[in-house]
Amino acid sequence: MSRLLIVANRLPIRVKLQEQELMYEQSEGGLATGLDSLTIDLEKHWIGWPGIFSGQKETQELITTELGKNNIHPVFLSQEDQEMFYERFSNKTIWPLFHYFNEYVEYDEHTWKRYKAVNKLFCKKVLEVAQPDDIIWVQDYHLMLLPGLLREALPHNEIGFFLHIPFPSYELFRTLPWRKELLEGMFGADLVGFHTYEYMRHFISAANRIAGYDSKLGEINLGKRSVHIDSFPMGINYEKFHEAIHLPKVKEHVAHFKKRFQGMKLILSVDRLDYSKGIVQRLKAFDQLLTEFPQHREKVQFLMLVVPSRSSVDQYQSLKEEIDELVGNINGKHATMNWIPVHYYYRSLPFEELAALYHTADIGLVTPLRDGMNLVAKEYVASKTDANGVLILSEMAGAAIELSDALIINPNSISDIVQAMNTAIAMPEAEQAERIKSLQKQVAKQSVQRWANDFILQLNSIRQKQVELEGKTINGKETREIAEHFSASKTRLLLLDYDGTLVPFAKTPEQANPDAELLDMLTNLCKDPSTKTVIISGRDHITLDRWFGHIGGLEIIAEHGIWIREEGNWKQVKKLKNDWKPEIAETMQAFADKTPGAFIEEKAYSLAWHYRKSDPWIADLRAFQLLNTLVYKCSKRNLEILNGNKVIEVKISGVDKGTTSKMWLNREKWDFIIALGDDRTDEDIFEVLPQHAYSIKVGTQESVAKHRIPSWKETRKLLSALKPNPFSVSLPKKKMEGRQLVYQRRRVI
């Protein structure tokens, strides 16, 4: 039975050594807390650092045994590992860069090497624990190389990766010297998840611009396999916070807080100590609120809880000092004998006390400068059982996309925060109740259980498709069987697409001219009188004639079937008109002018709008807009729109690769038929082939083809293996046996 292995830097249990005794306690942090409360129909195992340095072997064995009782498997790190891998590269390089604090980023080759080494340590531990059917779910920015390492060692396991922090824009990410290595590490996963579509979009852009991989509909094609990209907004254990008010200890704390802050509007903020959380701006805004609206003095209480974090990092030490100073200044400036404006606590609180604060607070103030999701906002909303409240939320938090009924503010604008606090203080209870009710519906729906289940279900689905794809992929044995069938046949038909099938895609059509190897291969195939080789392409007939016209016996179909070359002569399938071209060309040109790198290719009876050279994001937008614009204009003129690989083509309808292929298919009873293509237009060929034909999709996209090969390189290998046998006199009977092809043939000596 499959198990779920959750691999993260931090375990849900933290180990400490106090007075020579090992102590085990719950870890703090959104990831550990959220995933530990996860209920899922899989046996769950944790792999990660236990919070204690390597120590003696006996100590490691004791910890491993104790944690193993709860399916927790520790990865032991040295103090130098922790400093170089965690405190420096993870939190002084990746963290500030991904949170748009470029001025704090440290670029150090030594910390990068240690980051790689620690990822290998995690890989080693996973390999010790993993079983063939296990699902491996790698978490967060500390382990971005791990999916790639695992893919090499465990090619058939389901591997997922989720990034819990923002993924930055390409312009920022490309400043990282090790950008490509990190991407390649993440590509080891079958599914890469982010909190929001925005982060997903940034990642796909980086994959294209840095690693050179194209994507379509959230799928990055790596050749032999694909990686799926999607957004999964993380939630919380909603019931835990919503029902907390019924716990006796929580009730006690609520009664205490209500008595203590009686007659006050309580503003609450809860954060880890981090420069990305906007704590300084929040304090300055509260100071300004009391200055601009003096009527709130002695009527508003700001309770600020800051959980210690990464205290050894310089920026965090400076931040702590700045916060201490601001709190002191605000209290010194505005306090009275009966009232202290800011109650500041630099520590974490037990769950019962925190839940009571959430329930009691009139205003939840969550204003990070940049945050992957922010679960505090969701915890505050969930805790408002039978109580009103107002959530003020930064638009820079991933949660803002879901929690639109909060008061959304720009965290860099002090006046925005001030105005939001003033609005929240005066908000009528009816409006508060309406907003909270709406927010709770969203938070309850998108719980941590749903987040994890959605991710795992999609990972299962993707892996199943990968297995099916692998099942259709022609391997060495099947190549030999196809070659044997070809050799034993007396009449053979080869239907071959050109771009992406016989040659790689080029930036411009004229750059994709055939090389000597391809020309020699086609020439050799055409020398056999029993083999008819046909190139079926969307290219114009003049170019194809220039490239292949000298190869005797090679037949060519151009412009998706409009032109046919037989025995050296070109002819049209039917008489066509071009009076539609000026209007369509004008439309295409207007979009080309707005899309740098896009251009129009005019063929005899079609127009193609190419955008392979364009920025992928602007190109996809313009392509979508162009398609919408062309629909009406083409339908009224009976024109067909072909949405191909980085090209939109308009041509006369009623003629396609499929209808033209039938001319060859019906010409005689072929013993052997093979068709290869990579584009949507090639599906028309696959659909008209007889049952005994080989239909082969080049690439990873879904297809009606029975088989697939990864790329044009494998196409050439397959075609090179096809050799006629002069001694063959009988037609083999072909039958399917599982996914293997078995042939019966006899030979006359």
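A: Histidine 99 touches Ile165, Pro166, Ser276 and Arg370, leaving out residues up to four places away in sequence; contact means heavy atoms within 4.5 Å. The model is predicted, so local features need pLDDT of at least 70 and side-chain atom pairs pLDDT 80 or more, while totals for chains, interfaces and linings use all residues. Residues are numbered from 1 along each chain as its sequence is written, and side-chain values use heavy atoms, without hydrogens or water.

Histidine 99 sits in the loop between helix 3 (79-98) and helix 4 (109-129); helices are DSSP runs of H or I, at least four residues, numbered from the N terminus. Histidine 99 counts as buried because its relative accessibility is 2%, where buried means under 20% relative accessible area with a 1.4 Å probe, protein chains only. A polar atom of its side chain lies 2.9 Å from the backbone oxygen of tryptophan 95.

Now the helix pair. The axes of helix 11 (residues 279-292) and helix 15 (residues 414-426) come within 8 Å and cross at roughly 60°; axes are lines fitted to C-alpha atoms over the stretch in contact, with angles from 0 to 180 degrees between N-to-C directions. Residues making the contact include Phe286 and Leu289 of helix 11 and Ile417 and Met421 of helix 15. The contact residues divide into eight nonpolar, four polar and two charged; Asp, Glu, Lys and Arg count as charged, Ala, Val, Leu, Ile, Met, Phe, Trp, Tyr, Cys and Pro as nonpolar, and the others as polar.

Note on methods: Helices (H or I, at least four residues) and strands (E, at least two) are DSSP runs, numbered from the N terminus. Buried means under 20% relative accessible area, exposed over 50%, partly exposed in between (1.4 Å probe, protein chains only). A polar contact is a pair of N or O atoms within 3.5 Å; within protein, one must be able to donate a hydrogen and the other to accept it, and residues adjacent in sequence count only if both atoms are side-chain atoms.
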